[in-house]
Amino acid sequence: MAQTALAESDTGPSLTELARRHGLSKAGRLPSLPEYTRHLWSYRHFIAAFANAKVSASLGSTRLGVIWQVLTPLINAGVYYVIFGVLINTKQGVDNFIAYLCAGVFIFGFTQSVVQAGTHSITANLAMIRALHFPRASLPISICLVEVRNMVASIVVLIAIVLVSGEPLTLEWLLLLPALLLQSIFNAGLALFVARLVSKATDLRQLIPYIMRIWMYGSAVLYPVTFFSNRLSGWQLAAIEANPLLIFIELVRHSLMENIELAQPAGLLWIQALIWTVVVGLGGYVYFWRGEKGYGRG
Amino acid sequence: MADNERVPTVVADNAHIVYRIYGSVAPGTNSPLASFKRIVTGKKSNAVREVHAVKGVSFVAYKGEAIGLIGTNGSGKSTLLRAIAGLLPVERGGGIYASGQPSLLGVNAALMNDLSGEKNVELGCLAMGMSPAEVKAQAAGIIEFSGINDRGDFSSLPMKTYSSGMAARLRFSIAAAKKHDVLLIDEALATGDAKFRKRSEQRVRDLRKEAGTVFLVSHSEQSIRDTCERSIWLESGEIRADGPTADVMKEYETYVNK
């Protein structure tokens, strides 16, 4: 209600006073966080329907349709297999490099596509925002749901690659579920964050691809994590090992594969993943909520 | 305000609305050198232009009123409606207050063109806050009201295959499916053929009975005269006249025909 108090006017307080006396609420008032969360929850069906609509709209113009969700990660893995497995034929000190590489590529790709789609989630739907009333956080969140769907397809492909490349199926594989759940929440926070950031500072969208590329090189996607510990030390190593995506990728590799060298003990990785998820998930949500009333302005 | 029986539903107190538009730059101002100069001198970029669409508008709307908003193109009518609906923020210093959540019923409510009409009905209703059960109960009625199935099964085809009139009819039908406290109607009656227009005018009258207050933006003088007893004339973002429709219309006509 802080905004209501700010509404001083030159034409005298009588109109504002009249409005207050009759219990009218200010148009465009920012709802409190719990109120907003409840409102958002009541729009869960819209969020799901919007995510479905996005998928069918983007795949509707293709003939193969849903098959592309599996085909895309397969082709992705195929490209990396040809380059690293056949052409360069490198192992980089990892026993099962192709599986190692694909885990990195797919897990990083999950966050990358969420960020890319998140930057458009407000700006591409401005007409809808200006026409209809719904909690704006629905848009970045449905975009995350779309990417979760794509991620599930690529995880199926990843599991197939890991099994074919000779890894045993163990109970540790169950750790995949909490790791992906944490990453999904982390991604949702990130999507909310970039959605507001880019809707205010549109120039940033041009920088996002470069930021993501730097982030990828810092996440040990294309080479083993030992690459960093061999070259860096002190605060530089600490900074790179605190990288949330490096942590998520390591957790997935650790759960799916045997004989993996981790940068830190698994327990420590889990704690850090949890902290990152809470900080980015909550932080992104609160940051987005603070801007709720300005998205219609464009 | 001695009038105690009249309950205000919408109060605008010195409301200013400013659009910020990016990327509409004059040639020469967006060259790398000019950008660099701006960064060095710290001057504000010309790439962001501000449009002061509504300039200090004040009025009180009461329960049971139907108010027509008239004015030439670009006078700020639609912008004002969006601000009442809370879709556009009002600048500091003024405010718009409303009872409940005003709903904007516009023909340009964006839907997804790649999806079928049926899917758009579902999505639009959910976006207006209906529950899935309500959507299921209303979907058939909405499609029927829109009349898009009059010439074969169009509701299962993607919306991009619709004619502009059909798409507008479907949008209106979706928006009109819900009950509203304060109803804001933007040019909705001008869409569709004569048959549909009659049907939609009837629907607006029904909605008005249920709604507290109705605002209507239209360039059709007839529909303003038919539905509104009070009119506000906006010109360049300022109120030129506010009063009984007949008086305001007379003033407006002499201004337009000048």
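Student: At what angle do helix α5 and α6 of chain A pack?

Tutor: The model is predicted; local features need pLDDT of at least 70, side-chain atom pairs count only at pLDDT 80 or more, and totals for chains, interfaces and linings use all residues. Residues are numbered from 1 along each chain as its sequence is written, with chains lettered from A and ligands numbered from 1 in the order in which they are written. Axes are lines fitted to C-alpha atoms, for helices over the stretch in contact, and angles run from 0 to 180 degrees between N-to-C directions. The axes of α5(A) (residues 67-87) and α6(A) lie 10 Å apart, at an angle of about 135 degrees.

Student: Which word describes α5(A) relative to α6(A)?

Tutor: Angles under 35 degrees count as roughly parallel, over 145 as roughly antiparallel, 65 to 115 as roughly perpendicular and the rest as oblique. The angle here is about 135 degrees. That makes α5(A) oblique to α6(A).

Student: How do α9(A) and α14(A) run relative to each other?

Tutor: Helix α9 (residues 176-200) and helix α14 (residues 266-290) of chain A have axes that come within 7 Å. They cross at roughly 30 degrees. That makes α9(A), relative to α14(A), roughly parallel.

Methods
Helices (H or I, at least four residues) and strands (E, at least two) are DSSP runs, numbered from the N terminus.
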